[in-house]
Amino acid sequence: MERTDNDYLLLTPGPLSTSPTVRLAMDRDWCTWDDDYNHGVVTPIRRRLVQLATSACPDEYTCVLMQGSGTFSVEATIGTAVPSDGQLLVLANGAYGNRLAQIAERLNIDHIVHDSGELDPPDLRRLEEELDGRPDLSHVVVVHNETTTGMMNPLDDIAGIVKSRDRVLLVDSMSAFGGVPLDVGELGIDYIISSANKCIQGVPGFGFIIARRSLLEQTRGQARSLSLDLYDQWRVMEDGQGKWRYTSPTHTVRAFYQALQELDEEGGVEARHARYAENQRRLVEGMERLGFQCVLPKAYHSPIITSFLNPDHPDYEFRRFYDLLKQQGFVIYPGKVTGVDSFRIGTIGHVFPDDIDRLVDAVERSMYWT
Ligand SMILES: *Cc1c(COP(=O)(O)O)cnc(C)c1O
């Protein structure tokens, strides 16, 4: 396909660049009532997502698909999992962590927030002390990869602390699931949330939750919303063998099925992680060679997205830099870190190390301020 003016590689953390075959998979209509769709597409997706989440104990987990963008799935999970007498501890170190707190606030869920600031990981000592000192805290929620900065939070340590104290752990792994190896069963995670248009490389339209079955079963009637009732959504999918409650985003779901096959063809999560990590390594190496500086220390980096400081030069303007890159077929992302003048480049999606090399060349050609 020839490149047109609006045809570019998305170096953003979702929606992201998808393969032509994933997009082609949407080119037919589906009946949501028929077995072709429910047994042939939805059920295998749910099964596959559980397998991707855990090989240690797949039988203990189940999967729910939910219409909407990723935030809808996060809101459905928090709003359903925490009972009216529950208390939620939110670990926040960026915009997505803050959004978890905003959801709890809006749903009137009793909660406290540990905000460690956008440039630092969650404070593990404080987490231990809080859980030890407040037996009423029943649930903990944290972002896996904080897409604001690109910081990979120490999920293993957090899970160890939360599970050894027997609390329910919810994880927003939106921008990491499928691109970063993990086993929810081994870590003891109770609910993990992601969406179609991140590391699985599908198109936008729905999110998914992998939940500990024995806990989800106890959440009947707890949801604070009708359409975002995770329990009811699950019940209908279980009983109807792949049927969605309310209209299902059929074309998006079929594209996702294709995307899961392509994940397998690539070699699974490990192989995808290796590609993303190589993308990100080349990106940082190339950008540093050109004089750009990373916002975070390298120990905190993820293969998902990287924040760079905007050059400190009177002639530099992000918008102009962005437009020059876009003309060359690359779309980057504005920064989101408070008080730090930065921009971000994502390295996930149908994007390969050669693309990153071409991007770095395009960046070099776009440095009009030097
Ligand atoms: C993308 C993302 C979300 C969800 O964002 P939507 O715009 O609702 O899809 C939530 N959390 C994190 C960490 C994300 O990267």
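The structure is a predicted model, in which local features need pLDDT of at least 70, side-chain atom pairs count only at pLDDT 80 or more, and totals for chains, interfaces and linings use all residues. Residues are numbered from 1 along each chain as its sequence is written, and side-chain values use heavy atoms, with hydrogens and water left out.

The model holds 0 disulfides, a disulfide being a pair of cysteine sulfur atoms within 2.5 Å. C63 is accordingly in no disulfide, and the nearest cysteine sulfur, that of C57, lies 15 Å away. C63 is buried at a relative accessible area of 1%; buried means under 20% relative accessible area, exposed over 50% and partly exposed in between, with a 1.4 Å probe and protein chains only. For C199, the closest cysteine sulfur is in C63 at 16 Å, which is too far for a bond. C199 is also buried, with a relative accessible area of 0%.

Helix 3 covers residues 70-81; helices are DSSP runs of H or I with at least four residues, numbered from the N terminus. From first C-alpha to last, helix 3 reaches 17 Å, close to the expected 16 Å, the expected span being 1.5 Å times one less than the number of residues. Of its 12 residues, 9 are buried, including G70, V74 and T80.

T80 has 1% relative accessibility and therefore counts as buried. Its side chain reaches the backbone oxygen of A76 at 2.7 Å. Leaving aside residues up to four places away in sequence, T80 touches T219, Q222, A223, L228, D229, L230 and Y231, where contact means heavy atoms within 4.5 Å.

Technical notes
Helix = DSSP H or I, 4+ residues; strand = E, 2+ residues; numbered from the N terminus. Polar contact = N/O pair within 3.5 Å; in protein donor to acceptor, adjacent residues only side chain to side chain.
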